[in-house]
Amino acid sequence: MFHLRNVLAAAAVSGLLAACGGSSDRNYFETEGLRAPEGSCDVKPSRIGLAEKIRSIDEGNGCEVSNAWRIQSVGSVSFSQPATLRCGMAEPLREWIEDTVQPMAQRTYGESVVSVDVAASYSCRPRNNQRGAKMSEHGYGNAIDIAAFTLESGRKVTVADGWRGASRDRNFLKQVHGDACGDFNTVLGPNSDSAHRDHFHLDLQNRRSGSKYCR
Ligand SMILES: [Zn+2]
């Protein structure tokens with residue numbers, strides 16, 4: 001336990017040093033490990049979708065979510081599976097869905113998105129499931145992975161096929177990926193690395209520098 005704490009402390013320090021090394025250092029966005037601010041839950045998830053508050057999570061190894069919610073929909077869009085997230089993730093998700101995803105879906109396909117495939121939410125694991133890597137923001141319930149968007153017609157636009165697929169799928173996915181950077185602090189997709197070839201990773205990582213990383 002003490003050993004683990006020391007490792008986590010060392011991780012935080014190395015993250016700080018890596019941040020000073022410039023944004024090209026891959027460790028930079030993997031490390032800092034600051035908790036999301038407690039006061040950052042402005043809107044209850046149950047006010048903007050189907051959601052219920054659940055018991056706080058604390059696995060005793062760094063993975064914890066103090067204001068945890070089980071979220072089944074946000075705004076007009078339902079989730080393929082309930083997402084366990086910290087409270088503060090819901091409103092940025094709603095803003096992204098309502099202000100970016102839906103207008104872009106209307107412009108591109110002439111219809112709305114009715115659901116998204118949630119590939120991951122809370123998960124106590126290192127980044128990219130790599131042994132020895134720093135704690136993922138998923139371990140704070142501060143991240144969600146989205147793999148596909150389903151339209152009213154039932155048509156599903158997947159990141160895996162659409163990112164380099166037909167031009168309107170490419171346009172739609174690139175636009176909603178790029179604009180997610182306005183609502184989230186980290187946005188990763190197929191251009192970032194092979195671990196994200198089939199989904200968008202959106203998180204609210206609380207970096208000391210206050211900067212964003214979107215790729
Ligand atoms: Zn992720």
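**Exercise 1.** Which protein donors hold the zinc ion, and how far from it do they lie? Then work out why their arrangement counts as irregular.

*Solution.* Keep in mind that this is a predicted model.

Step 1: list the donors. They are His138 (NE2), Asp145 (OD), Asp145 (OD) and His201 (ND1), at 2.0 to 2.8 Å from the zinc ion.

Step 2: check the angles. The four donor atoms subtend 51 to 155° around the zinc ion. A tetrahedral site needs all angles between 85 and 135 degrees, so the arrangement is irregular.

Step 3: place the residues in the chain. The donor spacing reads H-x6-D-x55-H. Histidine 138 sits in the loop between β6 (113-120) and β7 (143-151), while histidine 201 belongs to strand β10 (residues 200-203), so the pair ties together parts 63 residues apart in sequence.

Step 4: look at the surroundings. Histidine 138 and histidine 201 are both buried.

**Exercise 2.** Find how many aromatic pairs the whole structure holds, and describe two of them.

*Solution.* Step 1: the search gives five aromatic pairs.

Step 1: take phenylalanine 149 and phenylalanine 172. Their ring centres are 5.4 Å apart with planes at 90°, so this pair is edge-to-face. Phenylalanine 149 is in strand β7 and phenylalanine 172 in helix α6 (residues 167-179), 23 residues apart. Phenylalanine 149 is buried at 0% relative accessibility.

Step 2: widen the view. Ring pairs join Trp96, Tyr109, Phe149, Trp163, Phe172 and Phe200 into a cluster. Lysine 174 lies over the face of tryptophan 163, 4.9 Å from the ring centre.

Methods:
Residues are numbered from 1 along each chain as its sequence is written. This is a predicted model: local features need pLDDT of at least 70, side-chain atom pairs count only at pLDDT 80 or more; totals for chains, interfaces and linings use all residues. Side-chain values use heavy atoms; hydrogens and water are left out. Donors are N, O and S atoms within 2.8 Å of the metal (3.2 Å for Na, K and Ca); water is not among the atoms, so sites may look incomplete. Four donors count as tetrahedral if all angles lie between 85 and 135 degrees; four count as square planar and six as octahedral if opposite donors are over 155 degrees apart and all others between 65 and 115; anything else is irregular. Helices (H or I, at least four residues) and strands (E, at least two) are DSSP runs, numbered from the N terminus. Buried means under 20% relative accessible area, exposed over 50%, partly exposed in between (1.4 Å probe, protein chains only). Rings of Phe, Tyr and Trp (its six-membered ring) pair if their centres lie within 6.5 Å; planes under 30 degrees apart count as stacked, over 60 as edge-to-face and the rest as tilted. A charge sits over a ring if NZ of Lys or CZ of Arg is within 6 Å of the ring centre and within 35 degrees of the ring normal.
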